Protein chains: 2
Amino acid sequence: MTQSKRPVILVTNDDGITAPGLHALVDAMKDLGDITVVAPDSPQSGMGHAITINNLLRVDKVDLHGNHNWYQCSGTPVDCVKLAIDKILHRKPDLCVSGINHGSNSSINVIYSGTMSAAMEGAIEGIPSAGFSMLDYALDADFSAAKIYARRIAQLILENGLPKGTLLNVNIPKMTFDEIKGVKVCRQAMAKWVEEFDERTDPTKRKYYWLTGKFINEDKGQDTDEWALANGYISVVPVQFDFTAHHAIPFLNGLDYNVK
Amino acid sequence: MTQSKRPVILVTNDDGITAPGLHALVDAMKDLGDITVVAPDSPQSGMGHAITINNLLRVDKVDLHGNHNWYQCSGTPVDCVKLAIDKILHRKPDLCVSGINHGSNSSINVIYSGTMSAAMEGAIEGIPSAGFSMLDYALDADFSAAKIYARRIAQLILENGLPKGTLLNVNIPKMTFDEIKGVKVCRQAMAKWVEEFDERTDPTKRKYYWLTGKFINEDKGQDTDEWALANGYISVVPVQFDFTAHHAIPFLNGLDYNVK
């Protein structure tokens, strides 16, 4: 347990403990508080809000960066946040940040993203939380502009908090610092993936499949994250974990459920 | 591809192809349309909206119930829905139902639930979709009342559709048909889990953990799913996959993101 008055910042991701994006995020946060990293020991992209309930979990301290507190966990991104609070920090951190993801988590990707699910788990715990993603899948992606904006957004969260029950989904276009026009607060674009499974045959002649797909955005709104990113802005979408479609309640109240 | 005019109904779950709850749901749907089952080949509880992107997927036809179309898939519940559309049905079904889950998916559990994520994937595809869960973890749970209500709700969805961008989260209390008071349309209760990881030592003296926790509901509203279930009602919560916290946008627009 820290004795410091500096904020306690939990950093995690879904690309795993060795991902350059995680190291970039730690670097961006380092003068804002005392950092503890708890990240998956292997890539966990696309894990959504999965938790490990039918298997055991391991957590090991790793010596990757001298005086930082770095831990690798055998579980999912959400497991990392849960374990960090209960078994490593023994308290709730003041800020939970996840990323920087190698690849976009804009629009519908928020649902599949381990990066965003880790941040959502932080928010469920009542911790101000944000996920950061960069629109570049490359292992050697240039995070220099992303780091400057991630630091600023984290600072704003530490100073101002976030509205109850919300977290931030921050996506950064693949651009230099000079090219980025600024930050736009957006809504999630109503886009989706159309699957095209790649069918193959293994050496024993059995069929198997790989998930592939095309991203389709038919949402033409200029207030969406997709619009912002396509037009040179960093997108910030406030996300909530109350999934209730409140507007649908009157329609559902009009149906006759009686079976007696 | 079916030549029938009857609705095509896709049934899936997260407890796996052998779970009694899946068989109960198929039984409840059988006179409403032509059923295809695509379910995980092993239990996938707590998988949330996970998808398989770093591994291959297998799908095999299984002969469990004579003339039905039953398939088991090596992936997650969401993978099952995606594969069913692209490689098994070769079209979108008219209804996608998931469950009946052995255990509650009310309140915050909607986020962790593979059952609900499968239904959400159906809804993202534009298919009227619902997840059904029963508040009984037992393998020999009595699904007789649940089946009657699942059938009625599925029939209402087929007849009336659902508001755009929404799906249903249906939870059924552990009660007899006579004890159940009816159906209540609700909002998701703002409850959560408090983790208490169980720490153990393996034969080589290394520590490991099991996820355990306590469910805490401090939401006293009488319009929540938790209230309905505790008071003898089946809860129906409309769920949406637009996670944007629209009410938080003005607050976020008031912050100064400038770093230049």
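Chain A can be laid on chain B by a turn of 180° and a shift of 0.0 Å along the axis, with an RMSD of 0.0 Å. The superposition is by least squares on the C-alpha atoms of residues with pLDDT of at least 70 in both copies. The two copies are thus related as by a two-fold rotation axis. This is a predicted model, in which local features need pLDDT of at least 70 and side-chain atom pairs count only at pLDDT 80 or more, while totals for chains, interfaces and linings use all residues. Residues are numbered from 1 along each chain as its sequence is written, and chains are lettered from A and ligands numbered from 1 in the order in which they are written.

The contact between the chains takes 67 residues from chain A and 68 residues from chain B; two residues are in contact if their C-beta atoms, placed from the backbone, lie within 7 Å. On the side of chain A that touches chain B, the largest share, six residues, comes from helix α5 (residues 144-160) of chain A. Helices (H or I, at least four residues) and strands (E, at least two) are DSSP runs, numbered from the N terminus. Of the interface residues of chain A, 100% are also interface residues in chain B, so the copies meet through the same surface.

Within chain A, nine strands form an open sheet in the order β3-β4-β2-β1-β5-β6-β7-β13-β8, and the pairing is mixed. Two strands pair if DSSP finds at least two bridges between them. Strands β3 and β8 (182-185) of chain A stand at the edges with a single partner strand each, so one side of each is left without a neighbour in the sheet. From one strand to the next, the twist averages 25°.

Strand β4 (residues 69-73) of chain A shows both senses of pairing. With strand β2 (residues 34-40) of chain A, β4(A) pairs in the parallel sense over five bridges, and A:Thr36 stands opposite A:Asn69 in β4(A). With strand β3 (residues 59-61) of chain A, β4(A) pairs in the antiparallel sense over three bridges; here A:Tyr71 in β4(A) is the bridge partner of A:Lys61. Four of the five residues of β4(A) are buried, that is, 20 or more other C-beta atoms lie within 10 Å of their own, with C-beta atoms placed from the backbone.

Elsewhere in the sheet, strand β6 (residues 129-134) of chain A pairs with strand β7 (residues 166-172) of chain A in the parallel sense over five bridges. The bridge partner of A:Met134 in β7(A) is A:Ile172.

Note on methods
A residue is buried if 20 or more other C-beta atoms lie within 10 Å of its own, exposed if 12 or fewer, and partly exposed in between; C-beta atoms are placed from the backbone. Axes are lines fitted to C-alpha atoms, for helices over the stretch in contact, and angles run from 0 to 180 degrees between N-to-C directions.
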